[in-house]
Amino acid sequence: MTERQEQAAPDALLTRIGQVVMLHHGGDREEARERLLGLWAELGEDGDPLHRCTLAHYLADTQDDPSDELAWDLRALSAADELTDGRAPGDTGRQGASAVRAFYPSLHLNLAADYVKLGRSDAARTHLRRARGACAVLTDDGYGNGVRAAIGRLELRLDTADGTNGDGTPGGGTWGPPGQRS
């Protein structure tokens, strides 16, 4: 009976992470970053991969420096890979792997956005392709549609910025203000 109650009980750490995320969404980025870092210290580098993935994913959103944001997003992806590679122990690993598969489009989208901020469009395109490829697991709901739309917006932004069609072929973009075109 106790085992069933433990399985049915919500994950306390994920609940705590969610509470801090609400704080961040409420506008207190600095406090959210400090609390998430405290949870990261509690969890440790070898903690449960689902927890590390979730924490790192949200910690990235609280960073001011794009390089720091990239580092946290890479940690999130690494932890997700541990789950989907089957390296996580027990039932939690199987359940976590299933949950993380739906997280991959967002993880790769965030990495693409990080690389855009850092001026690394080739790396950004690589992660956008991975994000688009991972979308098959998303359902046709608000989350899934939102992630797909965000991927499309970032693809368009990259295409517009470099004047290509996303495959390196020249696009219809123009450079410079209209009055300066020849």
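Predicted model: local features only at pLDDT ≥ 70, side-chain atom pairs only at ≥ 80, totals over all residues.
What pattern does the protein follow, read along the sequence? I went through the chain and got α-α-α-α-α-α-α-α-α. That comes to nine helices and zero strands.

**Overall numbers**

I looked up burial next: of the 182 residues, 38% count as buried. The accessible surface comes to about 10,500 Å², and carbon and sulfur atoms own 50% of that. For contacts I took residues at least 6 apart in sequence; 54% of those contacts join residues at least 24 apart.

**Helix α4**

I checked the length of α4, which runs over residues 49-61. Its 13 residues reach 19 Å from the first C-alpha to the last, close to the 18 Å expected at 1.5 Å a residue.

Is α4 mostly covered or mostly open? Mostly covered: I have 11 of its 13 residues down as buried. The buried set is P49, L50, H51, R52, C53, T54, L55, A56, H57, L59 and A60. I then looked for a cap and found D48 at the N-terminal end of the helix. A side-chain oxygen of D48 lies 2.9 Å from the backbone nitrogen of L50, and L50 is itself one of the buried residues of α4.

**The tryptophans**

I have both W40 and W72 down as buried.

Which residue has its charged end over the ring of W72? I found R75 there, 4.1 Å from the ring centre.

**E69, also in α5**

I stayed on α5 for E69. Why does E69 count as buried? Its relative accessibility is 12%, and the cut-off for buried is under 20%, so E69 qualifies. I looked for a polar partner and got K117: the two side chains are joined by a polar contact of 2.8 Å. Setting aside neighbours within four places in sequence, I listed the contacts of E69 as A60, Q63, D114 and K117. Of these, A60 is also among the buried residues of α4.

**Helix α8**

Then α8, residues 121-134. At 1.5 Å a residue its 14 residues should span 20 Å, and I find the end C-alpha atoms 20 Å apart, so the two agree. Buried here are A123, A124, R125, H127, L128, A131 and A134. What covers the buried residues of α8? The cover includes α5, α7 (104-117) and α9 (142-162).

**Q19**

Last stop was Q19, in helix α2 (residues 12-25). Its relative accessible area is 47%, so I noted Q19 as partly exposed.

Notes
Residues numbered from 1 in each chain as written. Heavy atoms only, no water. Helix = DSSP H or I, 4+ residues; strand = E, 2+ residues; numbered from the N terminus. Expected span 1.5 Å × (residues − 1). Buried < 20%, exposed > 50% of the residue type's maximum accessible area, 1.4 Å probe, protein only. Polar contact = N/O pair within 3.5 Å; in protein donor to acceptor, adjacent residues only side chain to side chain. Contact = heavy atoms within 4.5 Å. Areas by Shrake-Rupley, 256 points an atom, 1.4 Å probe, with all protein chains shown as cover. Lys NZ or Arg CZ within 6 Å of the ring centre and 35° of its normal.
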